[in-house]
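Colleague: I'd like to learn how to read a few features of a model like this one. Could you walk me through them?

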Amino acid sequence: MRYRHTPLHTQDTELDRFRFRIGFAASVVVLAFALLAGRFVYLQIIQHDYYTTRAEDNRISLVPIAPNRGVILDRHGTIMARNYSAFTLELTPSKIANLDETIDRLGQLIEIQAKDKRRFHKLLEESKLFESLPIRTRLSDEEVARFAANRYLFPGVEVQARLFRQYPLGAVASHVLGYINRINKADLDVIEASDQSSNYKGTDHIGKTGLEQKYEFQLHGEAGYEEIEIDAGGQAVRNISRTAPVSGNNLTLTLDAKLQEITEKAFGDRRGALVAIDPSTGGILAMVSTPTFDPNLFVDGIRSDDWDLLNNSPDRPMVNRALNGAYPPGSTFKPFMALAALELGKRTPGQTISDPGFFTFGGHTFRDDKKGGHGLVDMYKSIVQSCDTYYYMLANDMGIDNIARFMGPLGLGQRTGVDIEGESEGVLPSPEWKKRRFKNPAQQKWFAGETISIGIGQGYNAYTPIQLAQAVSALANNGVIYRPHLVNYITNSKTGEKTLIEPEPLRTLPWKQQNIDFIKKAMVGVNKEGTGARAFAGAEYESGGKTGTAQLFSLKGADYKSGKLKQELRDHALFIAFAPADHPKIALAVLVENGGFGAQSAAPIARMVIDYYLLGKSPAGPAQDVETPSEED
Amino acid sequence: MFQHYLQRFRERLVEHIDGPLLVITLILMAFGLATIFSATYDANNRAVSQLLNMGVGLVGMWAVAQLPPQKLMRFAVPLYVVGVIMLILVYVIGIKVNGARRWLPLGFTRVQPAEILKIAMPLMLAWYFHKYEAVLRWRHYLVAGLLLLVPFGLIAKQPDLGTAILVGAAGFYVIFFAGLPWKVIVGMVVAAGSAAPFVWTVLHDYQRKRILTLIDPTTDPLGSGYHIIQSTIAIGSGGAFGKGWLMGTQTHLEFIPERHTDFIFAVFSEERGLLGNSILLVLYLMLIARGLMITANASTLFARVLGGSITLSFFTYVFVNMGMVSGILPVVGVPLPFMSYGGTALVTLFIALGILMSIQSHRMLVKK
């Protein structure tokens, strides 16, 4: 009866019940301790021999084996990133009494340069206590032999066969591939957050940028481990067992390495970017940002002078301009404006305007590039001759909201989601954007005058080359948009199974086919009889294009003669294109920083790229500037 | 004259101290120091700093023992409220260490609010039951359950499963000693059993992994299974009499992780063997037995349920820690009382000890 819960009657029964519970608790304690004691007897008496052996074996240490990193191949199977094995000379600082003295003695045996020492000391600061750290990499066979003969003089020093990452094409596609480098504190946090800590125990390199970073956990593979018997001093005596690591998965890209190489050559020493896409899949055929850099420099820790050179160069080679440069699209914006006008019913193809060479709005004069104007201009002519006045008026008639609403779904002003980290967003201007962008209420208001220059791709407009390429692709593919991507498929190294990346379209834009066809026709006209005609003279295929110039420097009424301006003040040159016109296999956007007119320096690069991709023609050298009359762009 | 003051001082010093509890604890601490020394002397010796921690703890214990339970009762609500508020603050401005948000920055230092709840929880619930002693109804148990679950949930979410278990257990013991009906207890056991599959889905990945590796540690020999494999090897290879102090190969070849904190029992067990383990178990049993005796003789409901909860908390520490180190319970962060290295946890334990002593010393309502 004492278990039943009743309100308290007397102090005595309450106390009895309480004491009973204490007794109960005491028996639980005794039982639990008996369980523990039983466990100890089991472990320490019954299983003692087994565990003694295991403890002896624990001279057996579990040494993780880093897996082979996956290989990166281009669309035709050309190797772009691979591994090779080389001997390194490594020191385990915890086992060496006098590091500097040991290094000095080693230096008499094997060449150790000052830069090697500097790198070693840098590694030493970042390392864990029992790690062995390389002081020399890529030993020659002779050096290995020389050390082996003297090894007994150097406790704590070892020659190890290690795998190194290599980018056989050198600087080609450096921004796409990225590079690997030693794991640092921030990387460790990422590894831990991804629950990969035990898998990375034997790994000391990790992808830092580009595909190497984005696909790190695909490329890395699964660590294996080796059971090694060590003597009391910690020296390895023999191997007991080995669980082989599983190599990382291989990436096969949509990229064409040869096309990439030719494109990079076509840029010569120009700074800029090009993104070429297969419109029917979104697969990126070439993604170039110049200047490039050699990712091989990073693999075993970049030397500080190399790093300074790359990092402090005014040309900023480490920036991936294709994803991180946001530029006004200039006149390459016009075909999209024209399509918007057709779709929204703001213009018909046949409607003409009369172009006096300028457009006045609210007391401000917006100039056309051609003095005296283009005369009577319909939509076709407006694109072929790149008439600014036509688009000043159109922008004014459409209004900023309509423009923003049409360009948004094209992907302009938003990250494309390409499979490389750190893409910029760009700017699709709209009153809402301005409100977000500026804190000062006076700056937040959208002025109608600002809409005018948006029409010709100037003003706040700023898009990355990959966004432009995606937009041209969408046009070329009749409104079906794919996410631009670099990896075509991932091959599982164990099963050989292939996983496709992005085979499905993102969305289909509801454009009328006749409108699309008209814009394409006008863009074909650009390359036949318009601003792109010189660059595409004698082409064996029909292509569509549009030149563009992003103004950096406004000339108040004065004549613009690019050659007379300092190079860094010259405008950026742009060109968008697709080919063949009837069934596009390639769509691209080119940007040349400070290249002047689009027709002059960007279009010839596009020509070379398309010539190679469609016809297999390899150019002799970098693209030459085409002399064009300035008014045409 | 001087003699007289010395005499008075000595009396004051030991007046509220419980001899048996102190002696048992001192022996445990001596074992602890020796083991910490063995675990750390070849790298970064922690024995001296643990000695300092013990000094601070003893002073704290003495101070708490001076306060009669009626005074302790006054701390219950404020301590609990402050603790819970700090737990909530941990979510807002807490510092993340190793993926868990447990620490609260206080400018000059940082604290683990969960530690406060180890004392505040039983204190609060004991106060609550004491307050409604005469009118105890079902709903009081429900409210008590709620008071228990809020901090428990907050701590478990940090995540800090080990501390959550200790705080939750301490609260539950109070409710148990306050007379929670048996049918409810049985019902809870049945419910817990049937809820296990659901609990599985809300556990963190790392917690699930620990349970899985408990069943088969070899599935992840480089990762979370490593702790269990290595500590069972240490215990098993210790045999009947151990390898001797400073002679444990598992310890000194650095196979045992956390060897001066949560896994110190593996070090002890390897070097002292089954004999040492048995002595240790007996010492803890004596500690718990003494605690239960004090509890049984306590004069008020407050003192009884508080004393019972604290005593059983010691048991929980010991059982969970030894259980995990010997591979029959999943790995959670619970130290071995008076053995593991660590200042905060030690001070908390000493304060708990001080409360027990206070209950014992003030058991007579009217002073002699």
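Modeller: Chain A comes to 22 helices and 23 strands, where helices (H or I, at least four residues) and strands (E, at least two) are DSSP runs numbered from the N terminus. This is a predicted model, so local features need pLDDT of at least 70 and side-chain atom pairs count only at pLDDT 80 or more, while totals for chains, interfaces and linings use all residues. Residues are numbered from 1 along each chain as its sequence is written, and chains are lettered from A and ligands numbered from 1 in the order in which they are written.

Colleague: What average pLDDT does each chain get?

Modeller: pLDDT is the predictor's confidence in each residue, from 0 to 100. Chain A averages 86 and chain B averages 88. Residues 553-563 of chain A stay under 50. For the complex, the predictor gives an ipTM of 0.93 and a pTM of 0.62.

Colleague: How many residues of chain B are in contact with chain A?

Modeller: Two residues are in contact if their C-beta atoms, placed from the backbone, lie within 7 Å. By that rule, 44 residues of chain B meet 38 residues of chain A. On the chain B side, α12(B) gives the largest share, 10 residues. That side divides into 24 nonpolar, 17 polar and 3 charged residues; Ala, Val, Leu, Ile, Met, Phe, Trp, Tyr, Cys and Pro count as nonpolar, Asp, Glu, Lys and Arg as charged, and the others, Gly among them, as polar.

Colleague: And α10(B), how is its burial read?

Modeller: A residue is buried if 20 or more other C-beta atoms lie within 10 Å of its own, exposed if 12 or fewer, and partly exposed in between, with C-beta atoms placed from the backbone. In α10(B), 12 of the 14 residues are buried, so the helix is largely enclosed by the rest of the structure. Just after α10(B), G239(B) takes a positive phi of about 65°.

Colleague: Where are the cis bonds?

Modeller: One runs from T290(A) to P291(A), with omega near 0°, and another from Q158(B) to P159(B), with omega near -5°. P291(A) is in the loop between β12 and α11 of chain A, while P159(B) is in the loop between α6 and α7 of chain B.
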